[in-house]
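Have a look at the sequence and structure, then try each exercise before reading its solution.

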Amino acid sequence: LSNKFECAPFSQTGSLYFRDDVPVDLRDRPLFRPDFLPGHNPELLRKLDAAKEKYRIGPIADRQWWRSERAHMIYDHGPWPDMGSFLLAAVNSEHTWITLHVSQHSSSRCRRFPFDNQATHLELLDMLALAIPHIMPPHILTIPTLWHADLSHSNLLVAEEGPAEVRGQIDWQHSTIAPCCMQATFPSLFTYDGGLIDIPNGRVPPKLPSHISTLSSEQQELHRVHLKLAMRHKVYEQKIVEENERRNIACGMPFGAELALLPYRVLRSWSDSPVPLRQALLDLRNVWDKFAHEDTQCPIHFTDDEVRNHEQEFQQYNKYQTSITSLDDKI
């Protein structure tokens, strides 16, 4: 499925619409980038030729970009020609919203976390805006790509009989067209995060822990179930390594996982908390020399006291998130 998604090199970042449903000025823009069309695959090329007459890319339909006053037209909802303009639009959207509307949303009632002051939020956004031009990956990793936001068991349609062949996917409402390196995440369908089995690096398969014989029969059986799930994770990981060089590079990028979440971190920074955004900036600072363009100065600066205060807030934030996850599992 992921390989099929990547075969369509879209021209912009945004959401997919019928041609007649986008504004007139967007209807003449090409759906795909002609220089990246798969000329070696005539059948796929025929399907893409049919699609480019029917569909266009329009404003992003992700609800995070349209919450409350963000639905007003003064905000940039896309589509965007490149990854840098996409990320900067998220920063500018939150910056504008905080500047214009924060006084109307300053009540701490029913909030998960207390507010930081306005200046703190704007300072974090300004630091990220300065960093964005210097953290763009190679162009081949930024080609706009359609991706399913939740490839899980409940969203796949399979054949009723015979091999479990995937026939289709449902639950597309949160899907967008975005830079490939931000889309090519590890699907929850194959992700193992059970904690009982370690996932080793490289081609080493997961194994049962050395103390397995000391556990009760019930615990041993539980570990064997987890081993199967961990093995599935590892097999999928290896298929990426062996069959999809571009996605393998994207998955191995330092800061790659945080990069995919940056728009969400930004657009929720006032509503939820600036803690995740600040942590993302600290993570980026820590890998700046590996991830940013060569010979560029890191614009992300925090004092030692700010880092210590953040570490305390980050622990509280994670404790809250763990509690919510546990409650959700029980419900």
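This is a predicted model: local features need pLDDT of at least 70, side-chain atom pairs count only at pLDDT 80 or more; totals for chains, interfaces and linings use all residues.

Residues are numbered from 1 along each chain as its sequence is written, and side-chain values use heavy atoms, leaving out hydrogens and water.

**Exercise 1.** Find out whether R70 is buried or exposed.

*Solution.* Start with the place: R70 lies in the loop between β2 (55-58) and α3 (83-101). Helices (H or I, at least four residues) and strands (E, at least two) are DSSP runs, numbered from the N terminus. Next, take the relative accessible area of R70, which is 0%. Buried means under 20%, exposed over 50%, and partly exposed in between, with a 1.4 Å probe and protein chains only. R70 is therefore buried. Finally, look at its contacts (heavy atoms within 4.5 Å): leaving out residues up to four places away in sequence, R70 touches residues including Y75, E94 and W97.

**Exercise 2.** Check the span of α3 against its 19 residues.

*Solution.* The expected span is 1.5 Å times one less than the number of residues. For α3 that gives 27 Å, and the end C-alpha atoms are 27 Å apart, so the two agree.

**Exercise 3.** Which elements do the buried residues of α3 pack against?

*Solution.* First list the buried residues of α3, among them F86, S93, E94 and W97. Then follow their contacts: they pack against α4 (118-131), β6 (176-179), α5 (180-183) and α8 (256-267).
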